[in-house]
Amino acid sequence: MSERDRRLLAFAALAVALPLALLAALSLGSVPLPAGGVVRSALARLGLGGPTPLPEMGEVILWSVRLPRVLIAALVGGGLAVVGAALQSLFRNPLADAGLLGVGPGAALGAVLAVNLGWAQQRFLAMPLAACGGALLALLLIYAIAHAGGRPTLSGLLLTGLAVGALAAAGTSVLLVAVEEFRVRTVLFWLAGGLEGRGYEHLALAAGFVLPGAVALLLLARPLDVLSLGEEEAAALSLPVHGVRILVFGLCALVAGPVTAVAGAVPFVGLVAPHALRALVGPLGRHLLPASFLAGAVLVVVADLAARSFGQYVELPLGSVTAFVGAPYFLLALRGQEGRG
Amino acid sequence: MLVVVAAVLLGLASFVVAAEAPRRVASLNLTADELLVEMLPPGRLVAVTRWADDADMSNVAGRVPASAVRLPRADLERLIALRPDLVVVSEYTDADFLRLLEKSGLRHHRMSGLDTLAGIRAAIVDLGSAVGAPEAAVRLTARFDAVLAELGRRLDGTKHPRVLYWADPHTAGVGTAIGSLIEAAGAANVARELGLRGIVPLAGEKAFAADPDVFLVTKGSGAATALLRHPLLSHTRAVREERVVEIPNHLLVALSDRAADAAWWLASRLHPARVPEATPPPKLP
Amino acid sequence: MSAVLETRGLWVERGRRSVLRGVDLALRPGEGLALVGPNAAGKSTLVRALAGLLPPARGEVLLEGRSLASWPRSGLARRVALVAAEDEAPDRIAVEDRVALGRYPHRGALAPLTAEDRTAVARALRQTEIEHLARRPLGTLSAGERQLASLARGLAQEPAVLLLDEPATHLDVRHQLHLFRVLDDVRHSGVAVLAVIHDLPRAATWAPRMALLDDGRIAAAGSPTEVLESEAAGQAFGVAIRGVPVGDGRERLWRFEERA
């Protein structure tokens with residue numbers, strides 16, 4: 001099979017898999033809805049075909065609970081995968097992902113603070129907004145500190161991110177110990193990652209950052225390709241290496257922060273999706289970034305479906321599901337590389 | 001004109017009645033489970049938590065109508081499928097979850113103020129009017145008041161032993177139901193002396209230095225044995241003199257009308273001379 | 001013919017050390033220049049300064065008579081291509097895609113590649129004779145083929161000046177001959193070619209002109225025979241260099257001996 005055929009096949013498979021995953025996630029759950037009914041209900045909403053065959057209860061479950069949740073899952077997965085792919089080009093390292101940015105611990109600190117102060121129970125959207133604020137503050141802090149010593153280098157940003165992240169994590173631990181016992185659960189559930197109880201407002205929050213951020217990263221596909229040739233060659237090809245790095249780093253943080261705010265920690269998506277796709281569609285950004293977005297979306301939609309299907313007394317944490325799948329995949333992939341190496 | 005006004009008033013009245021008397025009530029917390037089992041006819045309670053049948057935690061185990069669905073978790077989809085017209089949630093339910101309830105067309109009643117006995121009493125009255133069973137609430141609070149009044153009468157003038165609730169490393173300070181329980185049972189809460197508020201961790205050394213007369217621990221949690229083996233707290237006067245009270249979990253977590261019974265039970269352990277029977281008389285004047 | 005790229009009294013510092021200390025050098029269109037010199041003479045630094053990657057501390061680099069500093073980045077990269085010794089491109093990228101990135105200075109970040117770009121890429125692949133490898137991932141290539149792919153990327157830039165830093169270091173003799181033949185073709189099409197070459201006989205065979213860089217200065221320049229037989233070359237390398245005329249007398253067989 002030619003490389004082009006393989007790429008087209010991969011895109012075709014993703015183009016089929018995403019709607020199928022969405023449909024499965026919309027119809028399965030603790031109250032199963034027939035897939036045909038879901039499709040006809042959607043058509044009815046669009047003014048096509050007859051009235052919806054679902055009972056009113058099914059309509060409510062489908063449109064006010066499941067749809068926003070499933071769409072958030074797709075955005076979270078797509079966003080994390082694109083960020084992973086972009087950072088891997090940026091650092092020229094297949095093990096780079098959103099965890100390097102230092103915004104995750106900032107988001108966690110914001111979330112725990114919201115719980116500690118009782119906002120999470122009292123005010124709508126307080127927790128995701130506080131988490132988002134924490135992530136963006138961490139980003140600003142990282143930039144400000146890294147800038148204080150002149151033009152920030154990539155390693156400067158990384159180390160500052162690490163330090164700011166460690167500070168935020170320390171703050172989170174302090175708050176976690178001080179938080180009242182019955183609220184600890186709320187925090188732990190958030191830290192473990194999950195999409196229970198997320199509605200359209202959460203979707204809007206995530207989409208407001210993920211979609212523009214992902215589009216901007218897609219537009220940077222060619223500069224990222226040039227950057228992957230190495231700093232010197234990129235500079236010789238007239239790429240403003242420094243500016244592109246800072247821009248990509250910032251965009252990645254702007255996507256990853258709100259994603260973490262809405263979904264908590266969802267590991268391995270940013271590693272697995274680009275890694276698997278690079279073998280299928282090649283390393284060029286214009287293929288890899290959109291394919292990673294689609295694959296990440298499929299991955300998290302399915303992982304979220306598993307998370308709410310398998311837990312009896314609690315939902316499984318979404319972050320554990322992606323780690324259960326992602327960590328073994330990654331070990332196998334690394335072992336395969338060593339074998340070839 | 002008059003007809004129109006009358007019609008509007010009638011419409012309003014029927015709306016108010018409909019709003020005040022939900023036909024199908026779902027409970028998302030154990031306290032509401034206990035109260036609603038007492039308040040509502042079996043057909044109107046459509047869902048309780050999975051803990052309602054757990055004799056270790058629940059004061060209504062074995063009395064929950066079979067028709068009520070036991071929800072293993074706060075699963076919004078199953079909840080919507082039950083078509084309740086009122087969902088009773090607790091103080092610590094997320095605001096984001098409540099918004100999603102509203103968006104799904106479900107009305108909710110939030111129980112709050114359950115950190116004092118007076119707050120519990122008020123919450124019973126509120127819940128009664130929210131589910132359209134005010135007379136049941138009156139019945140429950142009358143008994144609640146009577147038990148506490150009788151307890152107060154019997155404990156009048158006693159010396160208050162200093163009690164420390166201990167769930168290593170947490171204790172219960174001011175503004176907690178456990179703290180109120182200790183005080184209602186004729187004791188002083190050591191955590192209050194230490195200036196603690198809420199369920200918060202307490203360093204073992206501080207607990208030792210506070211030298212409580214009595215440790216209050218949860219029965220079946222292993223806490224009593226752990227105290228005996230604790231490197232420091234095993235040397236406290238209370239542990240050495242075997243003044244460790246193990247309270248059954250269902251009494252400790254009772255934030256319903258049964259909180260009065262829990263106070264009575266604890267008083268019977270702390271003041272056996274004044275309160276000899278372990279359970280309060282079922283009916284008091 | 002006037003110089004397309006030249007330096008005037010160029011000083012370049014790396015850290016606090018002055019690596020280039022007053023370099024004067026001119027490259028004319030179609031010229032082939034071998035830059036030689038002992039280790040740490042500043043050859044790589046000079047090549048990077050010529051590509052505009054290192055700013056002058058003193059003096060200047062002129063491209064088409066204008067100071068490099070006044071050139072926009074992309075305009076500079078459309079005229080000057082740099083091919084480094086080490087290829088750091090990802091292993092999975094296909095040869096053709098890697099070469100096509102040489103069109104970045106022409107197209108920028110967003111504009112799609114045009115027919116003109118595709119022609120330039122095809123020509124670069126043809127010139128380097130690696131068309132048959134076009135869709136192969138770089139990781140599957142030999143070192144020689146990989147170096148040719150790097151060169152093809154430089155050619156796809158359609159530069160007026162091609163700078164190469166030790167292009168033949170990792171290559172076996174067949175690939176070396178191939179590479180220098182390609183460089184001759186490039187030169188004959190009017191592109192000025194400057195190559196840092198370690199292997200002195202190879203440099204002398206290929207280059208019409210040679211410049212010797214020693215301790216940050218041009219110590220000798222001229223034909224390879226003039227440069228290598230100069231006192232300066234012996235001094236710079238610390239060896240005795242002797243050219244033995246062979247064939248019709250225009251070529252030399254070079255002998256190197258440690259000085260007593």
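**Close-ups of a predicted three-chain model**

**View 1. Where chain C meets chain A.** In this predicted model, 30 residues of chain C are in contact (heavy atoms within 4.5 Å) with 22 residues of chain A. Together the two sides bury about 2300 Å², with carbon and sulfur atoms giving 58% of that area; buried area here is the accessible area (1.4 Å probe) that two parts lose on being put together, summed over both. On the chain C side, C:Arg92, C:Leu101 and C:Tyr104 supply 31% of the buried area, more than any other three residues. A quick note on the numbering and the cut-offs: residues count from 1 along each chain as its sequence is written, chains are lettered from A in the order in which they are written, and side-chain values use heavy atoms, without hydrogens or water. Local features need pLDDT of at least 70 and side-chain atom pairs count only at pLDDT 80 or more, while totals for chains, interfaces and linings use all residues.

**View 2. Charges between chains C and A.** Five salt bridges (a side-chain nitrogen of Lys or Arg within 4 Å of a carboxyl oxygen of Asp or Glu) turn up across this interface. One of them joins A:Glu233 to C:Arg98, with the closest N and O atoms 2.6 Å apart. Helices (DSSP runs of H or I, at least four residues) α2 (73–79), α3 (95–100) and α4 (104–107) of chain C each put at least two residues into the side that touches chain A.

**View 3. Chain B against chain A.** Here the contact takes 26 residues from chain B and 35 from chain A, and the area buried is about 2600 Å², 56% of it from carbon and sulfur atoms. B:Arg73, B:Glu77 and B:Asp96 lose the most area in chain B, together 27% of what that side buries. The salt-bridge count between these chains is five, and B:Glu77 is paired with A:Arg308 in a salt bridge at 4.0 Å, N to O.

View 4. Five of the six residues of β9(C) (residues 209–214; strands are DSSP runs of E, at least two residues) are buried (under 20% relative accessible area, 1.4 Å probe, protein chains only), so the strand is largely enclosed by the rest of the structure. On one pairing (at least two DSSP bridges), β3(C) (residues 32–36) runs parallel to β9(C) through four bridges, and C:Leu35 stands opposite C:Ala211. On another, five bridges tie β9(C) antiparallel to β10(C) (residues 217–222), with C:Asp214 partnered by C:Arg217. The hairpin of β9(C) and β10(C) has two residues between the strands, and C:Asp215 takes a positive phi near 50° there.

Methods: Buried < 20%, exposed > 50% of the residue type's maximum accessible area, 1.4 Å probe, protein only.
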